[in-house]
Amino acid sequence: MSAYRTIVVGTDGSDSSLKAVDKAASLAADAGAKLVIACAYYPADPKDIEAAQDTLREDAYQITGSAPTFEILRTARERAQAAGAQDIVERAVVGAPVDSLLALIDEVSADLLVIGNRGLNTLTGRLLGSVPSDAARKSTSDVLIVHTVR
């Protein structure tokens, strides 16, 4: 197996996704690879945010626009540096997580996508799909699904 040159890891700021960042950073450090940390977000109209927060509850941080995205990326970068990654790029991408990650993989010619398994074994994930399963099914690169939630 050849070493990975460019690794993309998706994060939404959750503990699960930050564990995936840790794993991706460790792999990037070992391979001397570039690590692209991505956070997808939806631009939101302020009047829509309140209603969405009521519906999404603990997942509401995902819909509040780009401001939290940069904090999520900063936190992920710090963790990646602590895990030994050297060449780190932060990318805030607009859109749905799976589509954004797949477009980014093509854009940066990544050979590995790393994501956490959050949602993979939930009823909703089984019925409607989840980011890990959809990304693994559609990706043109290798995919590592890190067991971060059991």
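Predicted model: local features only at pLDDT ≥ 70, side-chain atom pairs only at ≥ 80, totals over all residues.
Now step back into the helix itself. α1 covers residues 15-31, so to speak a run of 17 residues, and it reaches 24 Å from its first C-alpha to its last, close to the 24 Å expected at 1.5 Å a residue. Which residues of α1 are buried? They are Ser16, Ser17, Leu18, Ala20, Val21, Ala24, Ala25 and Ala28. Here's a handy bit of background: an α-helix has 3.6 residues a turn, so residues three or four places apart point the same way.

Helix α1 also belongs to a right-handed β-α-β unit, together with β1 and β2. Strand β2 (residues 34-41) is largely enclosed by the rest of the structure, because six of its eight residues are buried.

| Pair | Sense | Bridges | Partners across the pair |
|---|---|---|---|
| β2 and β3 (residues 87-94) | parallel | eight | Lys34 and Asp87 |

So much for the strands; on to another helix. In α6 (residues 131-138), the buried residues are Pro132, Asp134 and Ala135. What covers them? The cover includes helix α4 (97-108) along with β4 (112-116) and β5 (142-146).

Terms used: Residues numbered from 1 in each chain as written. Heavy atoms only, no water. Buried < 20%, exposed > 50% of the residue type's maximum accessible area, 1.4 Å probe, protein only. Helix = DSSP H or I, 4+ residues; strand = E, 2+ residues; numbered from the N terminus. Contact = heavy atoms within 4.5 Å. Expected span 1.5 Å × (residues − 1). Right-handed = clockwise from strand over helix to strand, strands pointing away. Pairing = 2+ DSSP bridges.
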